[in-house]
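Work through the two exercises below with the sequence and the coordinates at hand, and try each task before reading its solution.

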Amino acid sequence: MVDQDDWIVDASGFYVASRSFLMRRGFCCANQCRNCPYINWRNSPTWEPLPAEAVHEANVSPKAIEGARKALAEIERQLRRGSQATKARHQGLAAHYRWLLERWNAVQGNSSEGGGK
């Protein structure tokens, strides 16, 4: 049974996966979902990363990993040239991307050795 809150119908009539659905799914598919809790694909100023402790599964595509690396590089550039007003937000986003990449890299290493998720 699908939860009624899993999908949102946008103004164009398209079904869009909700943030709560994507969080319950537990991984980034790298399809640049509008409500992705893992990666800020849309560069929205109101986007907040999913808390690290809420990520239970880390099976992600190479495309998602590369997207996270690029996003982290851009955030680090913004940190170097940004204002004090945006510094705390960028530091939080950078920490989030570092954590995701560290976890995803560790999981990939375990998978290639026959380990679990």
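Buried means under 20% relative accessible area, exposed over 50%, and partly exposed in between (1.4 Å probe, protein chains only). The model is predicted, so local features need pLDDT of at least 70 and side-chain atom pairs count only at pLDDT 80 or more, while totals for chains, interfaces and linings use all residues. Residues are numbered from 1 along each chain as its sequence is written, and side-chain values use heavy atoms, with hydrogens and water left out.

**Exercise 1.** Characterise the salt bridge between Asp 6 and Arg 24.

Solution. A salt bridge requires a side-chain nitrogen of Lys or Arg within 4 Å of a carboxyl oxygen of Asp or Glu, and the count by this rule is six. Asp 6 and Arg 24 meet at 2.1 Å, N to O. Asp 6 lies in the segment before β1 and Arg 24 in helix α1, so their contact ties together parts 18 residues apart in sequence. Because its relative accessible area is 6%, Asp 6 is buried, whereas Arg 24, at 48%, is partly exposed.

**Exercise 2.** Classify the ring geometry of Trp 7 and Phe 21.

Solution. Rings of Phe, Tyr and Trp (its six-membered ring) pair if their centres lie within 6.5 Å; planes under 30 degrees apart count as stacked, over 60 as edge-to-face and the rest as tilted. The whole structure holds two aromatic pairs. Trp 7 and Phe 21, 5.4 Å centre to centre with 35° between the planes, form a tilted one. Trp 7 is partly exposed because its relative accessibility is 40%, and Phe 21 is likewise partly exposed, at 22%.

Technical notes: Helix = DSSP H or I, 4+ residues; strand = E, 2+ residues; numbered from the N terminus.
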